[in-house]
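The exercises below are to be worked with the sequence and the 3D view side by side. Each task is followed by a solution in steps.

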Amino acid sequence: MIIEAEDLRKSFKATKAVAGVSLAIGEGETVGLLGPNGAGKSTTLNLLLGLVTADTGQVRILGEDTRRLSDEARRAIGFVPQEYAFFPELSGLANVTYWARLYGLRRRALDTAVRDALEFTGLWDRRKDAAKTYSGGMQRRLNISCGIVHNPKLLIMDEPTVGVDPQSRNHILDSVRTLSAGGATIVYTSHYMEEIQALCDRVVIMDGGKVVADGALEKVIRDNTDERVVLLETPSPEAARDATDQILRHGLLAAAETDVEGSTVVLRLPPDADFNDLAARVLALGLTLESIGERRPSLETVFLTLTGKKLRD
Ligand SMILES: Nc1ncnc2c1ncn2[C@@H]1O[C@H](COP(=O)(O)OP(=O)(O)OP(=O)(O)O)[C@@H](O)[C@H]1O
Ligand SMILES: [Mg+2]
């Protein structure tokens, strides 16, 4: 195991930020950590890294107690914190060099690593400019360069794409994919479900300081939603409205269970309904349909079911 955490707890005065979190993360996994604001994600990451002392519980990271990490283990870990961790007055180059030195890189290896990290995030051309003159997206990317310069075996990223433009976001996502393909273990926090769905093979959902779901992405989705939606594609919005009228008139579903989105009719199946049965009865109405299918529930639905909250601020 790369990370083993057992029953972590951390309170700040009356706030139970982390209230009993256990996690086991294996080599090469890409784990998405999701949760609403204040769920305890950042505190959990800080506990894993030993940056915050737990009230109770233990963490082993790369096989070592996180409170007493060897230099070797430290150098195998990269952290991209939610808050910027660079000096605004210094250039991008000086910042990444600073972190590379801290991680023990010297001479040729240092120069190469710094250049790679800046090229990796597309900042090499702007390396000589002060970090404070960078755009928000560039500052996020610099933050990432600082965290990955030593080519860590374990990379922990706390909301690396917050407030960046789509171009920078894609660049960041590609970088994470490359690191993952290279065998790194990645723990990734984001408010964007589609990022987690695109990057991670495992998802951990937190709420109120606790883990409320943990498993393979597909399994977490399957296990945590009973939402079933049937989509009828029709040739036009008029045809969609007409189809809905027919369905209601024949009493196949109640009005609250139907919706029209453009030329698509959206049918929400009641818990006891059978998809095939409903499909057969819809087809028997002789509607003009282009297709009929079932929509797979998304991580978004699961998240809403589990936490009762929309993820985005
Ligand atoms: N240093 C601190 N002092 C006091 N309270 C804190 C501290 N750090 C975190 N908290 C509180 O602990 C709870 C969990 O915070 P945390 O930052 O871990 O949440 P999060 O899931 O990362 O949220 P976000 O999505 O907003 O980043 C919050 O109620 C927060 O206010
Ligand atoms: Mg946070």
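**Exercise 1. A hairpin**

How many residues lie between β12 and β13 in their hairpin, and which residue in the turn has a positive phi?

Solution. The coordinates come from a predicted model.
- Step 1: Locate β12 at residues 258–261 and β13 at residues 264–268; the two strands run antiparallel and are joined by 4 bridges.
- Step 2: Look at the turn, where 2 residues separate the strands. Gly262 is the turn residue with a positive phi, about 65 degrees.

**Exercise 2. Two pairings of one strand**

Describe how β9 pairs with β3 and with β10.

Solution. 
- Step 1: Start with β3 (residues 30–34), which runs parallel to β9 (residues 202–207) and is joined to β9 by 4 bridges. Within this pair, Leu33 is opposite Val204 of β9.
- Step 2: Turn to β10, which pairs with β9 in the antiparallel sense over 6 bridges. Here Val204 has Asp214 of β10 as its bridge partner.
- Step 3: Follow the chain from β9 to β10. These strands form a hairpin with 2 residues between them, and Gly208 has a positive phi near 55 degrees.

**Exercise 3. The sheet of 4 strands**

Which strands form the open sheet of 4 strands, and in what order?

Solution. 
- Step 1: The order is β2-β1-β4-β5, with antiparallel pairing.
- Step 2: β2 and β5 (64–65) are the edge strands; each has a single partner strand, so one side of each is without a neighbour in the sheet.
- Step 3: Examine the pair β1 (residues 3–12) and β2, which is antiparallel and has 8 bridges. One example of a bridge links Phe12 to Thr15 in β2.

**Exercise 4. The surroundings of ligand 1**

Solution. 
- Step 1: Count the shell: 14 residues surround ligand 1, and the closest are Asn37, Gly38, Lys41, Ser42 and Thr43.
- Step 2: Sort the shell by class, which gives 4 nonpolar, 8 polar and 2 charged residues.
- Step 3: Assign elements. β2 (15–25) and α1 (41–48) each supply at least two residues, and α1 gives the most, with 3.
- Step 4: List the contacts. A polar backbone atom of Gly38 is 2.9 Å from an oxygen atom of ligand 1. For Gly40, a backbone N or O atom lies 3.0 Å from a ligand 1 oxygen. His191 uses a polar side-chain atom, also 3.0 Å from an oxygen atom of ligand 1.
- Step 5: Judge the cover: ligand 1 taken alone exposes 630 Å², of which the protein buries 61%.

**Exercise 5. The annotated range**

Give the residues that UniProt lists for "domain: ABC transporter", and the helix and strand content there.

Solution. 
- Step 1: The unreviewed UniProt entry lists residues 3–233.
- Step 2: Over residues 3–233 the chain is 35% helix and 29% strand.
- Step 3: The end C-alpha atoms of this range are 46 Å apart.

Conventions:
Residues are numbered from 1 along each chain as its sequence is written. Chains are lettered from A and ligands numbered from 1 in the order in which they are written. This is a predicted model: local features need pLDDT of at least 70, side-chain atom pairs count only at pLDDT 80 or more; totals for chains, interfaces and linings use all residues. Side-chain values use heavy atoms; hydrogens and water are left out. A residue is near a molecule or strand if one of its heavy atoms lies within 4 Å of it. A polar contact is a pair of N or O atoms within 3.5 Å; within protein, one must be able to donate a hydrogen and the other to accept it, and residues adjacent in sequence count only if both atoms are side-chain atoms. Accessible areas come from the Shrake-Rupley method with a 1.4 Å probe; for residues, only the protein chains shown count as cover. Ala, Val, Leu, Ile, Met, Phe, Trp, Tyr, Cys and Pro count as nonpolar, Asp, Glu, Lys and Arg as charged, and the others, Gly among them, as polar. UniProt positions are given in the numbering used here, feature names are shortened, and annotations may be inferred rather than shown by experiment. Two strands pair if DSSP finds at least two bridges between them.
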